[in-house]
Amino acid sequence: MGYFRDSHRIAVKVGTSTLTHNTGHLNLRRIETLVKVLSDMKNSGIQVILISSGAVSAGVAKIGFGRIPGSPEEKQAMAAIGQSELMKLYDRFFSDYGHTVAQILLTKDVVSNPERRRAAKNTFDRLLNMNCIPIVNENDSVSTDELTKFGGNDILSAHVAKLCDADVLLNLSDVDGLYDRYPRTDPEARLIDRVEKIDDAITSIAGGAGTDRGTGGMVAKLDAARIVTEAGIPMFILNGHSPEILYTLLDGGHVGTYFVARKKTEDEKQ
């Protein structure tokens, strides 16, 4: 299909369940594989923006917290500890492949305020033009309410893709894509390889959060797909447990669920 034929700038979102083992500790082999693939994409001439979850889990593992944080204060503390650990790994792995990374932590009020949004966009553009790979996460340590919280990195990734004028958003999940039924309980569930429009029929088949370690789920991913496709940016939902599948897209093939870019009609806007 050649989805990437004209792609110059790509946003890639990776969730906590992809970056961690079932124990909650970081999956170093998978992170390194993801970094290798993204570095290869960068070497091919594609600008890459990585939206990465995993800070809370990294913090929990780092200090041996022993349980999933329950209170907002605990989650914020774990995010503060884990974010530096996560960036240390990314910096080391990307450096091994000759690439420089930059950390950007965002809150919702940055993208909703025109002046701050413009400043953030300028920073992204400058970093990308300097051949850096921006690594983005929500600023969980200070996000506390609906004015500052995106509500998860699925939604954050959609806003980052818009902010950076990405050609496509790749959402790496713990499932192969969107199914017509819940695949973990229904062996007859069928993968939907292409979605032209996110309507009631599509949203009705989305379930809840995918894992205890993540905050997303198919509902959040469909919300993200709606945001970007209405802005003219297509999106894929892919299984991130084997990051090499990105090569399939890079080589012109199809994998996962593809959400077609579309703009709202005047009637839909009313």
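**Figure 1. Tyr-90 and Phe-94, two buried aromatic residues.** In this predicted model, Tyr-90 and Phe-94 are both buried. Helix α4 (residues 72-96) holds both of them. They sit four residues apart, about one turn of the helix. The structure holds two aromatic pairs. In the pair of Tyr-90 and Phe-94, the ring centres are 6.2 Å apart and the planes meet at 35°, so the pair is tilted.

**Figure 2. The aromatic pair of Phe-236 and Tyr-258.** Here the ring centres lie 4.8 Å apart, with the planes at 40°, so the pair of Phe-236 and Tyr-258 is tilted. Phe-236 belongs to strand β7 (residues 235-239), and Tyr-258 belongs to strand β8 (residues 257-259), so the pair ties together parts that are 22 residues apart in sequence. Phe-236 has 0% relative accessibility and so counts as buried. Tyr-258, at 12%, also counts as buried, because the cut-off is under 20%.

**Figure 3. The largest nonpolar core.** This core has 39 residues. Leu-106, Phe-124, Val-136, Val-160 and Phe-259 touch the most other members. Several elements give two or more residues to the core, among them strands β2 (47-52), β3 (100-106) and β4 (132-138). Helices α5 (108-112), α6 (114-129), α7 (153-163) and α9 (218-229) also do so, as does β7.

Figure 4. Set aside the neighbours of Leu-106 within four places in sequence. Leu-106 is then in contact with Phe-124, Val-136, Asn-137, Glu-138, Asn-139, Phe-150, Leu-156 and Val-160. A second, separate core has 34 residues. Val-14, Ala-58, Tyr-90 and Ile-245 are among them.

**Figure 5. Helix α3 and its cover.** Helix α3 spans residues 55-63. Its residues Ala-55, Ser-57, Ala-58, Gly-59 and Val-60 are buried. What covers the buried residues of α3? The cover includes α1 (16-19), α4 and β4. Just after α3 comes Gly-64, with a positive phi of about 65°.

**Figure 6. Ala-55 in helix α3.** Ala-55 lies in helix α3. Why does Ala-55 count as buried? Its relative accessibility is 2%, and buried means under 20%, so Ala-55 qualifies. Ala-55 and Ser-84 are 29 residues apart in sequence. In space, the two are 8.1 Å apart, C-alpha to C-alpha. Leaving aside neighbours within four places in sequence, Ala-55 is in contact with Met-78, Ala-79, Gly-82, Gln-83, Leu-86 and Asn-137.

Terms used
Residues numbered from 1 in each chain as written. Predicted model: local features only at pLDDT ≥ 70, side-chain atom pairs only at ≥ 80, totals over all residues. Heavy atoms only, no water. Phe/Tyr/Trp six-rings, centres within 6.5 Å; stacked < 30°, edge-to-face > 60°. Buried < 20%, exposed > 50% of the residue type's maximum accessible area, 1.4 Å probe, protein only. Core = buried A, V, L, I, M, F, W, Y, C linked by side-chain atoms within 4.5 Å. Contact = heavy atoms within 4.5 Å.
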